[in-house]
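The sequence and structure are shown first.

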2 protein chains.
Amino acid sequence: MGKVRNVLFIMCDQLRADHLSCAGHPHLETPAIDALAKRGVRFPRAYVQSGVCGPSRMSYYTGRYMTSHGATWNRVPLSLHEKTLGDYLRPAGIEVALAGKTHMLPDLEALERYGIEGGSALDALLRAGRFEEIDRYDGHSPPGKESGYADYLRQHGYLSDDPWSDYVIAAEGPGGKPLSGWHMRNVHLPARVAEEHSETAYMTREAMRFIDEQGEKPWCLHLSYVKPHWPYMAPAPYHNMYGAKDCLPLNRDEQERVGEHPVLAAYREHEESVSFSRPEAPGIVRPAYMGLIRQVDDWLGRLFAHLQDRGRLDDTLILFTSDHGDFLGDHWLGEKEMFYEEALRVPFIVVDPDPEADLTRGTVDERFVEAIDVVPTILEALGLPPNDHLVEGRSLLPLTRRIHLESWRDAVFSELDYSFREARQILQRKPSACRAIMVRTDRWKYVWWQDFRPMLFDLLNDPKERHDLGDNASYAHVMAQMEQRLGQWLRERKTRVTVDDAYVEARTAKHRQHGIFFGMW
Amino acid sequence: MGKVRNVLFIMCDQLRADHLSCAGHPHLETPAIDALAKRGVRFPRAYVQSGVCGPSRMSYYTGRYMTSHGATWNRVPLSLHEKTLGDYLRPAGIEVALAGKTHMLPDLEALERYGIEGGSALDALLRAGRFEEIDRYDGHSPPGKESGYADYLRQHGYLSDDPWSDYVIAAEGPGGKPLSGWHMRNVHLPARVAEEHSETAYMTREAMRFIDEQGEKPWCLHLSYVKPHWPYMAPAPYHNMYGAKDCLPLNRDEQERVGEHPVLAAYREHEESVSFSRPEAPGIVRPAYMGLIRQVDDWLGRLFAHLQDRGRLDDTLILFTSDHGDFLGDHWLGEKEMFYEEALRVPFIVVDPDPEADLTRGTVDERFVEAIDVVPTILEALGLPPNDHLVEGRSLLPLTRRIHLESWRDAVFSELDYSFREARQILQRKPSACRAIMVRTDRWKYVWWQDFRPMLFDLLNDPKERHDLGDNASYAHVMAQMEQRLGQWLRERKTRVTVDDAYVEARTAKHRQHGIFFGMW
């Protein structure tokens, strides 16, 4: 092992923290990810800054909370002025590449305002969130022109204008008619695509190709799998590798529906929640979800072997995580977004090749980690400035290298803007009035809801979050403390974005040097 | 009077709310401003969003609080992505011009990042905060190349490389040696510049010229006087028009220095505070300050007569205000920045020429106004979209036009980042840990200080703010309420900056239209 020269930042989409064998899943086996954890540190209490792809990823890429980066939901472009990994690493001569999903939407208005020429290299880079897109593919609709995947499929015999819809997310129905994986009732069937041509396989090979092409040039690769995110259609043999008996028990009970929070009630009216509340649904979808994870794990095993062959395990910082989890029927919900552990807690493994990290290999660190820690960890590993006038996370290297710290965070924060969701219409809210902020400490999970009562869970006595105490007046003192935490957190957000602390230091009380002599008698 | 076609947004620099005869000053006469108030509505409870030029002005120009626009002090550039008056009005074909001061610093990093060509029209516009600079001059150092003032002075016989330092802010000393107005002990003397060539005179003529040149084309002119800001050197006859006996009584007592707040104590160590605490200082500086105000008033009288001659009073919305006040020795302070009324409360007059506003002409409206109300007032007056996904203020037209409102704000907010000030060094703080936020309601003024105890003033029983109750435990319940107000306010900040509410409305629960069918059974 040696000094960090490269970064491999692996993200799964919608992978729950509890769906790994190293995290205790009793039936799902993830040997490659488990081996990764043995080479590094696993953080079982890692949380995303929002339980939905877009804002969560923008926090991963900027190192900033949602309220700071402002991309509050999937369809909200990240403001062009927000800096991402690419802004920090590219000036140091490190290629920052993307294979897979980012959910980055271009800030078209700003591109026009600054007169940035369409089709130019700068335009492409700014649109892509400062990633070089070696293959961009967001996974929730047919691959676009940024991806070679559709052509690849056609070259391999999947002849269709839309081979993704017809083969990758479709099963073979009666009379050869495709059955769409959009319908969750179909996902016990195998995809019509061969495993070797599936999304996970294709994107892993893209990653290997990029790494080989880089040779000895330093790189940072964001390998961003679109799985196990819906459509939950797995190719054989993963489609039926697991059965209903292999799934984790459902985390829900009837009591949860009594006196439920208004926004939660609205989410439970969403189609995905209604579908997952069907008695048969979890037993059909969860096995496919597990198969998709197992497939990712198998391909990660090949990828890590490939890295080892080329000596890259010795100089590559590897981060493995997900953008959020998936309810899969827990709490009578589908999808994510609500503040339960199933949605917000994600796998998080850091393999720091530096010899200073040898002492912590294979350990589990229970300290709180947030998605915003990825950027500062990478910056420190590469010896780059922390840019901490913008970056709100903390580097995890003192944890992997057992460097003494005065303190560590004792709470994590996550946010939601549900304005784009049907829940807003159900609740007859304005788009600007659909915000929520969670603070989770060791003991408590508190959620402030704009214009609704708060939620409160006692994680010591109710770790499964079945009993919302938010309308229980006897917890008013706890909620008041949590409100103070939220207020403090909001006041600490980094708003002075155009200049850093060194700039301030150099200009403090220096007006005379600028020819300004106010206050002299 | 008629519909609004043009906007004249007049700002003084460092003009206290109580230094107008219409606001009750017993000796200072401001007949032109008083006449303006008679034609419109005067708002005696108007507050700035920060008690220092840069951030206050950025709030005026963006319609956003300091924590939202991020330009936290004078030397912090406004992020290029923040939209200003010019961004909103120019697309409607309205020229947005500046005569005088903006304190706008260019966001050089962003200009470089976006590859914006130096010297291009776009570059100039972006650097200038989207104002067309007909004459830009910030007033606290010799006029730069953006202003014609230095050349003008030389053309009128003030022969010097730096006629501003040698004539405009200098008095004639013994043996013809200039005595600098930077030294406040000199400001009872007349400036060496003739009144007709002084800053206020020059800039008013620039404004008149612009208005005439526009003819019937619509315009928005920001006439931004650099006075009565220091250097407090007034030209004859204004330099001794007032004497010490004409000044408002000093608002300070010895009791204020007992148990004083640590940041306040540090500010009282600043040179300007020490100088203003000299017994003779207020009686020398305040008369010059009053003379400079009287001079502004005289030129405003000429400007308004000019507008009337050309029929422009009938179709021009006029706003008159200041970027903050001036302690002038009150509370043992010089300058501004602290949260006392003398620094944060500013003159605020709106003349709405629309006949619908006839009912309110000459009235005084005691409702709370904030600097961020300027942009939405102008947008509504010109019939432009409110852009209220960004703009945080409220239009004042319902007030000038007596349109029924369900509610109005019951508090105002202001902020400080003292990281660039000597106080930070005195207190040994890091640049990122120097923030404060004030909430002022009808009864209370509460200031949260990062890592220091709060301040609290009971404005009912202590309108002069002599007794800080922030360390008095018997007011803990009041302070807890104020903390809640602050938390609520912070949660309402507008962070989704790239898309507006209509965008959200059009895309709510529309995933199927985008070919995304998640959640179907």
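In this predicted model, 40 residue pairs, both members at pLDDT 80 or more, are in polar contact across the interface of chain A and chain B. The same interface holds 10 salt bridges. One salt bridge is formed where the side chains of B:Arg491 and A:Glu483 meet, at 2.9 Å from N to O.

Several elements give two or more residues to the side of chain A that touches chain B: helix 5 (108–113), helix 6 (121–127), helix 11 (271–276), helix 12 (281–309), helix 16 (422–427), strand 15 (435–441), helix 17 (476–491) and helix 18 (501–506) of chain A. The largest share, 5 residues, comes from helix 17 of chain A. By residue class, this side of chain A divides into 31 nonpolar, 19 polar and 26 charged residues.

Chain A gives 76 residues to the contact, and chain B gives 76 residues. The size of an interface is often expressed as the accessible area lost when the parts come together. Here chain A and chain B bury about 7,200 Å² between them, with 57% of that area on carbon and sulfur atoms. Within chain A, the residues that lose the most area to chain B are A:Arg113, A:Arg491 and A:Trp521, which together account for 15% of what that side buries.

The next topic is the sheets. In chain A, 8 strands form an open sheet with mixed pairing, in the order 5-4-8-1-9-11-2-12. Strand 5 (132–136) and strand 12 (363–364) of chain A are its edge strands, each pairing on one side only. Strand 9 (residues 316–322) and strand 11 (residues 348–351) of chain A run antiparallel and are joined by 4 bridges. A:Phe320 has A:Ile349, in strand 11 of chain A, as its bridge partner.

Helix 9 (residues 199–214) of chain A packs on this sheet, where it touches strand 4 (95–100), strand 5 and strand 8 (219–228) of chain A. The direction of helix 9 makes about 175 degrees with that of strand 8 of chain A. Helix 14 (residues 374–381) of chain A lies across strand 1 (6–13), strand 9 and strand 11 of chain A, and runs at about 175 degrees to strand 9.

In chain B, an open sheet of 3 strands has the order 10-3-13, again with mixed pairing. Strand 10 (345–346) and strand 13 (369–370) of chain B are at the edges with a single partner strand each, so one side of each has no neighbour in the sheet. Strand 3 (residues 46–47) of chain B pairs with strand 10 of chain B over 2 bridges in the antiparallel sense. The bridge partner of B:Ala46 in strand 10 of chain B is B:Val346.

Most peptide bonds are trans, and most residues other than glycine have a negative phi.

| Cis peptide bond | Omega |
|---|---|
| A:Lys227 to A:Pro228 | about 10 degrees |
| A:Trp230 to A:Pro231 | near -5 degrees |

A:Pro228 is placed in strand 8 of chain A, while A:Pro231 lies in the loop between strand 8 and helix 10 (262–269) of chain A. In chain B, B:Arg130 is a residue other than glycine with a positive phi, near 70 degrees. B:Arg130 lies in the loop between helix 6 (121–127) and strand 5 (132–136) of chain B.

Terms used:
Residues numbered from 1 in each chain as written. Chains lettered and ligands numbered in written order. Heavy atoms only, no water. Pairing = 2+ DSSP bridges. Contact = heavy atoms within 4.5 Å. Axes fitted to C-alpha atoms, helices over the stretch in contact; angles between N-to-C directions. Buried area = accessible area lost by both parts, 1.4 Å probe. Salt bridge = Lys/Arg side-chain N within 4 Å of Asp/Glu carboxyl O. Polar contact = N/O pair within 3.5 Å; in protein donor to acceptor, adjacent residues only side chain to side chain. Nonpolar A, V, L, I, M, F, W, Y, C, P; charged D, E, K, R; others polar.
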